[in-house]
Amino acid sequence: MNVHDSERMAGLLEEAGYVPADGEVADVVVFNTCAVRENADNKLYGNLGQLRQVKEANPSMQIAVGGCLAQKDRETIVKKAPWVDAVFGTHNVGALPALLNRARHNNEAQLEILESLDVFPSTLPTKRDSVYAGWVSISVGCNNTCTFCIVPSLRGKEKDRRPGEILAEIQALVDDGAVEVTLLGQNVNSYGVEFGDRQAFSKLLRACGEIDGLERVRFTSPHPAAFTDDVIDAMAETHNAMPQLHMPLQSGSDKVLKDMRRSYRSSKFLGILDKVRERIPNAAITTDIIVGFPGETEEDFQATLDVVEKSRFASAFTFQYSKRPGTPAADLPEQLPKAVVQERYERLTALQDRIAAEENAKQLGRQVEVLVTAQSGRKAGETHRLSGRSKDQRLVHFSVPEGSQAPRPGDFVTVTITEAAAFHLVADPATGQDYLLRRSRAGDAWDRSQADSCGVPAAGAAPGKTGVSLGMPSLPVRRA
């Protein structure tokens, strides 16, 4: 959702005449912040501190801070970093260009935080990171009361978009060349709560299956307590719904789940996974897990390890509990020592890494269709491999056989998996017969985007002018 909002901020600025800095010293720097974990605070104020020297050397440069930390900290940001020019929250992303203009005109910081949604972010202009895939927000906010989570107080109660608006946005993305969309919501499977349709999300998935040219549909994140069989059926019966599910566990201990107010227990969670795998046998399931929640005992942690072992997750986002002021969990007794949390975290990641490697090893010898991405692996310079995602969202690094045509980002290749590691798969086709390229509309869109980026002025910029550059300047090197 932060990526989605960042794309909207970039779109707003480009519409107002700003252009990417592309390595030059930026005239405008925008931080879109998260507040889920404490290290986000530290990163923001650390970066703002480093930017102070840059701002002093270039007083006309503007700095803006938006997102969840801005919604939470408000005046604190301007007090700690008075060189910031604009602060805006989660409910008024669209105000960014106006706040920058007002700060420039008035020569003073502008702070604007709303308590309710001004404009649904998906209706704002966008500068998409990818021409072949898009994020589509179906709802914002959350009605749950998980004790560790600060998001509901910063994003507000759930607000649902009407299905027609969502489908129209998806159609526009497809018309623009996208072949994949990801439906976004703090709790996607509670979609429809505002207009009283408990099966609205499964209906939305099925409607996505009727959009010609849309090849892959994903969604994140559902909540186990509200995950119903009609959604599983829609996933299994909709041809472009991908065999991949992100299902946050958070803890395998029923006691900890109760303390978290997660409103499901480990048996229900495992039952959902069983149903998904019964209907979609090749589904890859991923999760989120928090280690070291207040009061978690060694017995509780062992219960988490047991559920992880049974769940056979393809991958997991594992977090050490982060105390967030303003959440009920922050005031719970029995906050655990850092050393205990760290040791448990290392045990959990070791277990999950082993399981991920074992699950990936099952992919050896399988043919998979890969949507080629613009990003390559760290060793691409040495291996000359390209990268992409399989239908179940596994990362695949692949080589192009000599004499075969290379794909563009957005094209599809079908390859056979030859190597497997915990975090990726490798496919090295021996001959062109082991490699099938399918050129796509998304690849065509990539070609057009590359052509358009050569010497074409940004929307709103006057002819012959370069506009105002937007980006992150080089920061001073920190010395110990």
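This is a predicted model: local features need pLDDT of at least 70, side-chain atom pairs count only at pLDDT 80 or more; totals for chains, interfaces and linings use all residues.
The chain averages a pLDDT of 90, and 94% of the residues score at least 70.

- Cys-142 belongs to the loop between strand E7 (139-140) and helix H6 (151-155).
- With a relative accessibility of 10%, Cys-142 counts as buried, because the cut-off for that class is under 20% relative accessible area.
- Beyond four places in sequence, the contacts of Cys-142 are Pro-152, Gly-156, Lys-157, Glu-158 and Gln-186.

**Ser-139 in strand E7**

- Ser-139 lies in strand E7, and its relative accessibility of 0% makes Ser-139 count as buried.
- What surrounds Ser-139, once neighbours within four places in sequence are set aside? The contacts are Met-1, Phe-120, Glu-158, Lys-159, Asp-160, Leu-184, Gly-185 and Gln-186.
- Glu-158 and Gln-186 are among the contacts of Ser-139, and both are also listed for Cys-142.
- Ser-139 and Pro-121 are 18 residues apart along the chain, and their C-alpha atoms are separated by 9.8 Å.

**An enclosed space**

- How many cavities of 30 Å³ or more turn up in a search of the whole structure? The search finds one.
- The largest cavity has a volume of about 40 Å³.
- Thr-90, His-91, Leu-117, Pro-121, Val-140 and Arg-155 line the largest cavity.
- Sorted by class, that lining has three nonpolar, two polar and one charged residues.

**Helix H8 and its cover**

- Helix H8 spans residues 200-208, and its buried residues are Ala-200, Phe-201, Ser-202, Leu-204, Leu-205 and Cys-208.

**Arg-279 in helix H11**

- Arg-279 is found in helix H11, which runs over residues 266-279.
- Is Arg-279 buried or partly exposed? Arg-279 is partly exposed, with a relative accessible area of 35%, because this class lies between the cut-offs of under 20% for buried and over 50% for exposed.
- Not counting residues up to four places away in sequence, Arg-279 touches Ile-232, Asp-233, Ala-236 and Glu-237.
- Arg-279 and Gln-50 are 229 residues apart along the chain, with 52 Å between their C-alpha atoms.

**Backbone details to look for**

- As background, most residues other than glycine have a negative phi, and most peptide bonds are trans.
- Arg-74 is not a glycine, yet has a positive phi of about 50°. Arg-74 is in the loop between helix H3 (68-73) and helix H4 (75-80), and counts as partly exposed at 24% relative accessibility.
- Gln-250 also has a positive phi, of about 75°, although it is not a glycine. Gln-250 is placed in the loop between strand E11 (244-246) and helix H10 (254-260), and at 8% relative accessibility Gln-250 counts as buried.
- Which two residues does a cis peptide bond join? The bond joins Thr-220 and Ser-221, with omega at about -5°. Ser-221 is found in the loop between E10 and H9.

**Annotated domains**

- UniProt (unreviewed entry) places "domain: MTTase N-terminal" at residues 1-105. This span is 53% helix and 17% strand, and the C-alpha atoms at its ends lie 32 Å apart.
- The UniProt annotation "domain: TRAM", also from an unreviewed entry, covers residues 361-431. Here the make-up is 7% helix and 35% strand, with 23 Å between the end C-alpha atoms.

Technical notes. Residues are numbered from 1 along each chain as its sequence is written. Side-chain values use heavy atoms; hydrogens and water are left out. UniProt positions are given in the numbering used here, feature names are shortened, and annotations may be inferred rather than shown by experiment. Helices (H or I, at least four residues) and strands (E, at least two) are DSSP runs, numbered from the N terminus. pLDDT is the predictor's confidence in each residue, from 0 to 100. On a 1 Å grid over the protein atoms alone, a cavity is a set of points where a 1.4 Å probe fits but cannot get out, and a pocket is an open set with protein on both sides within 12 Å along at least five of seven lines; lining residues have an atom within 4 Å of a point. Grid points are joined across faces, edges and corners, and a volume is the space filled by probe spheres set on the points. Ala, Val, Leu, Ile, Met, Phe, Trp, Tyr, Cys and Pro count as nonpolar, Asp, Glu, Lys and Arg as charged, and the others, Gly among them, as polar. Buried means under 20% relative accessible area, exposed over 50%, partly exposed in between (1.4 Å probe, protein chains only). Contact means heavy atoms within 4.5 Å.
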